[in-house]
Amino acid sequence: MKSEQVNQEQEEESDRDYSASENGYVANILDANEPVFWRDVVQVKQSVLNANDISCPICLEPLSNMVCPRITKCGHVYCWTCVLQYLEFEKQRNWKRCALCFDCVYKLDLKPVIIEEIKTFKTNE
Ligand SMILES: [Zn+2]
Ligand SMILES: [Zn+2]
């Protein structure tokens, strides 16, 4: 029973590989519900209500001072230099736990991120 489950999981994994390499982004363009695989992501655009809420968890610099911000798969934003240095501390493995949520962070999974603040309007503006 247990080995069957493992086999099923492996099959699902190979299906994903197939659809990603065969169709690339086309599947996502045709159907917005089609999942986007993180490895196919080139850049992330994130909309936030208040950009001041975002700061690098390592150097604590606010977003405006962050150098080439990068987003992890878990959705946390770091300075490029800080996260590279952070990953360098790990000599045994090629990944390290996210400083905020303890998810695995791999260098190759870091994507450039553009943060846009959502404009909010008050009455009489
Ligand atoms: Zn930093
Ligand atoms: Zn995280």
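## Ground rules

Because the model is predicted, local features need pLDDT of at least 70 and side-chain atom pairs count only at pLDDT 80 or more, while totals for chains, interfaces and linings use all residues. Residues are numbered from 1 along each chain as its sequence is written, and chains are lettered from A and ligands numbered from 1 in the order in which they are written.

## The overall fold

The protein has 3 helices and 6 strands. Here helices (H or I, at least four residues) and strands (E, at least two) are DSSP runs, numbered from the N terminus. Going along the sequence, the pattern is α-α-β-β-β-α-β-β-β.

Of the 125 residues, 10% are buried. Buried means 20 or more other C-beta atoms within 10 Å of a residue's own, exposed means 12 or fewer, and partly exposed is in between, with C-beta atoms placed from the backbone. As for contacts (C-beta atoms, placed from the backbone, within 7 Å), 49% of those between residues at least 6 apart in sequence join residues at least 24 apart.

Four strands make an open, mixed sheet in the order 1-6-2-3. Strands count as paired if DSSP finds at least two bridges between them. Strands 1 and 3 sit at the edges with a single partner strand each, so one side of each has no neighbour in the sheet.

Strand 6 (residues 111-117) runs parallel to strand 1, with 5 bridges joining them; Lys 45 has Ile 114 in strand 6 as its bridge partner. Strand 2 is antiparallel to strand 6, with 2 bridges. There, Arg 70 is partnered by Pro 112 and Ile 71 stands opposite Lys 111.

## The core around Tyr 78

What makes up the largest nonpolar core? That core (buried Ala, Val, Leu, Ile, Met, Phe, Trp, Tyr and Cys residues joined through C-beta atoms within 7 Å) has 9 residues: Cys 56, Met 66, Ile 71, Val 77, Tyr 78, Cys 79, Cys 82, Val 83 and Val 113. Strand 3 (77-78) and helix 3 (80-88) are the elements that give two or more residues to it.

Setting aside neighbours within four places in sequence, Tyr 78 is in contact with Cys 56, Pro 57, Ile 58, Pro 69, Arg 70 and Val 83.

## Out on the loop: Leu 60

Leu 60 lies in the loop between strand 1 (44-48) and strand 2 (70-71). Buried or exposed, which is Leu 60? Leu 60 counts as exposed, because it has 9 C-beta neighbours inside 10 Å. From Leu 60 to Tyr 78 is 18 residues in sequence and 9.3 Å in space, C-alpha to C-alpha.

Terms used: Two residues are in contact if their C-beta atoms, placed from the backbone, lie within 7 Å.
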